[in-house]
Every structure is written in structure tokens, then in C-alpha cells.
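The following questions and answers concern a single protein model. Please consult the sequence and the three-dimensional view alongside the text.

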Amino acid sequence: MTTEIELKRGLQGVYIDRTQSSFIDGAIGKLLYRGYSIHDLSEKATFEETVYLLLYGKLPNRKELNDFDAHLRANRSIPPEIVQIIRLIKDAHPMDVLRTAVSALAAYDPDVADNSLESTLRKGVRLTAQAPTIVTAHARIKDGKEPVEPDSNLNQAANFLYMLFGKEPTSAEARLMEKDFILHAEHGINASAFAARVAASTISDLHSAIVSGIGTLKGPAHGGAAEEVMKMALDIGEESNAEQYTRDILESGGRIMGFGHRVYKVEDPRAPHLQAECEALGEQKGQPKWFRILSKVAEVMEPYASRGICPNVDFWAGTMYHLMDIPKDIFISIFAMGRIPGWTVQVMEQYANNILLRPLLLYEGPMDLEYVPIDQRE
């Protein structure tokens, strides 16, 4: 007698463990980091505060934040050997370079083989600090320029823009980038966090887990939407073309990038923050048309909201990056830089109460076939 097996394809709706890092209610569009609303954090907190909250489980006091911030700033440099690796693979996709460089950094990390929570936290802080240095070094080398050394006088977001462009950003630009990092810092057991947890569940090290997360995030079904949305906006070109362009894609059975989410059945709570910033930045830069193009696309898509197909955070992120003159091919890398703290806390939770993640597959192939020697096969 066979037992009926219910498949949960994609593990949809399956809880695999408990967490204290973030809470998502997709039905009402609610996101909390360690109990704090994403709306409060994105508007009131710094990225450094948010990282501290995720890694240590509480908001820091002034001394704790100053010490933590100083530690982040002191760990931004990468070994010259890593820069040489970046030079050797400069023609690869930025996410491939980031993945490779993080993997190589394991050889230079004194804690690489120590999976204690204290050691994992230290490694997570170092990787959070080093990732922007990797991404910007590659972007500049690929463009025929020399990397810019980190500036310890700047916070994480401002330093990223400084290393990318070789000049100090305005306070408004730095705050905009900081808000983006905060909005991407953690998001539960999404595909990349799950990949990181799978690696951690084998008792592999944090660098391996982060590499797993980066590789998974690279896929366009997870992290690539921001780049694709901006490509769409460029294809549309003018606001007057947006409605017909959108309808043509929908009528042909295509997908409008930046809409829909595996968890949210209403608008992604992170999206309105970047929407407002995109509108203001477009006006400031004298390029309001990109916001207007996307707004028209969103207007055409409004009837689909009742089916849970609403704008997500990536719908507005790509335009924001474009208006800041950030190269399109590092859009996903920015997502990764913001998410390293989230991956780290997911790995720490996995280590704290570990069980090997080993789901099952339902076999539907033939059974008990007789082996036929090769000379007797047709």
C-alpha cells in the first residue's frame, strides 16, 4: 500500500526552522528586522546601526555604535593578491568576480576554520566591510582605472560611492545609498539565504556560505530584477511609449520585471521608500522621465495588484542606481553588499541549532531495470 505524498514544489509555504532575524507578513506587506519596522529603520537608522542590530540582536548605544563603526572602517582593505585576482578575471560578470574574490579571501582570514558564533560574527563584519572594496576595485579595473583605497573618514555607503567614482559623494547621495543598503540587508529565508543555510548546515565555513548566497543571488529570478527594469526603461525611452510597450509584453505572455514577489501579496513595503527617492533624484538630476516611464508602467499594471502582482523593491532600485551613474552590471552586486549581514545572521542561526538540510525528491522513474552488457545493447 502506497502513501500519498504531497509535494511542496519550491518549498513554498514550508517552514524549515525558527528565526529571530526578520519577520515578513506578505498578506499585509510588513517587514521587521529584529522586531523593528523597515519603515523606521530606512528613514531613521544608519546602515551601521542596522548591521549591528541584525548581528547582535539589539540597537546599539552610542559607544557600541562608534566602536562597531570603527571596526567596520578598519576592515575595508583587501590583500593585494585579491586585487591581482580581480585583474586576472576583470572581464567576468561582477557577481562572478565578487563570488571568486570572497572565496579567495578565505585563504587570508585567520578565523576561516573557526565556526564558533563569535568567529562567524567577526568574519561577517569583515566581509561586510570588504565587499564594496571588491566591487569597486573590479568596476574601476574593468574601466581601465586604478582602484581607489577606502577612506576611513566616510561611512559605509559614502565610502562605496567614493571608491567607485574617485570623489566624495554629496550627503544626499550617500544617504540614498545607505537607505538602499538598509532595505536590502535581510529578508528571511529567500533563495540566497536558503543556499547559505544549506552550506552552513554541512558545517562548512562562513565564506563558503556567503559564496553560495552570492551565486544564488546572481540568478535573474532572484537578484537581477533591478538591472532588467532599467533595461526595460531604456527600451521604452519615452513616457508616451510606456503604456503600449507594457501592454504588448503582457498580451504576448511576457513578464514585466520588478513586479510580483514570492512572499508579498501586496506592495513590497520596501518599494515606496525607493519610489519617493527616485522621483526626487530624477527631478534633481534633470532627468524626470525615467520615474515617469516607470510610473506609467506601474499604472498599467494596477489591475494585476488584486492577483498579488505589485511593485517590488527592485522596480525602483535600478532607476535610482542609473540616476547616480552607477554601471548597470553592478546593480546585483549592490544588492549583495547590502545582504551580507543578513546572510551572516542566517548562518549564525543555522550554526546555533544545526541540522543538515536534506529534503527529499519524489522519484517517478522506472524501477528495477535489468543491466544489459554494452555489447548487447541496441
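Q: Does R270 count as buried or exposed?
A: The model is a predicted one, in which local features need pLDDT of at least 70, side-chain atom pairs count only at pLDDT 80 or more, and totals for chains, interfaces and linings use all residues. Residues are numbered from 1 along each chain as its sequence is written, and side-chain values use heavy atoms, with hydrogens and water left out. Buried means under 20% relative accessible area, exposed over 50%, and partly exposed in between (1.4 Å probe, protein chains only). Because R270 has a relative accessibility of 3%, R270 counts as buried.

Q: In which loop does R270 lie?
A: Helices (H or I, at least four residues) and strands (E, at least two) are DSSP runs, numbered from the N terminus. On that numbering, R270 lies in the loop between α12 (239–251) and α13 (271–284).

Q: With which side chain does the side chain of R270 make a polar contact?
A: A polar contact is a pair of N or O atoms within 3.5 Å; within protein, one must be able to donate a hydrogen and the other to accept it, and residues adjacent in sequence count only if both atoms are side-chain atoms. The polar contact of the R270 side chain, at 2.8 Å, is with the side chain of D268.

Q: Which residues is K179 in contact with, leaving aside its neighbours within four places in sequence?
A: K179 is found in helix α8 (residues 171–184). Its relative accessibility is 4%, so K179 counts as buried. With neighbours within four places in sequence left aside, the contacts of K179 are S42, E43, H273 and E277.

Q: How are the rings of Y52 and Y56 arranged?
A: Rings of Phe, Tyr and Trp (its six-membered ring) pair if their centres lie within 6.5 Å; planes under 30 degrees apart count as stacked, over 60 as edge-to-face and the rest as tilted. The structure holds nine aromatic pairs. In the pair of Y52 and Y56, the distance is 4.4 Å centre to centre and the angle between the planes is 25°, an arrangement that is stacked.

Q: Why are Y52 and Y56 separated by about one helical turn?
A: Y52 is buried at 8% relative accessibility, whereas Y56 is partly exposed at 39%. Both residues belong to helix α2 (residues 47–56). Their separation is about one helical turn because they stand four residues apart in helix α2.

Q: Which residues form one aromatic cluster with F315 and W316?
A: Both F315 and W316 are buried. The cluster made by these two residues also takes in F259 and F291.

Q: Which ring does the charged end of K289 sit over?
A: A charge sits over a ring if NZ of Lys or CZ of Arg is within 6 Å of the ring centre and within 35 degrees of the ring normal. The charged end of K289 is 4.7 Å from the centre of the ring it sits over, that of W290.

Q: What is the phi of I203?
A: Most residues other than glycine have a negative phi. I203 lies in the loop between α9 (191–201) and α10 (206–217), and I203 counts as exposed at 59% relative accessibility. Although I203 is not a glycine, its phi is positive, at about 65°.

Notes. Contact = heavy atoms within 4.5 Å.
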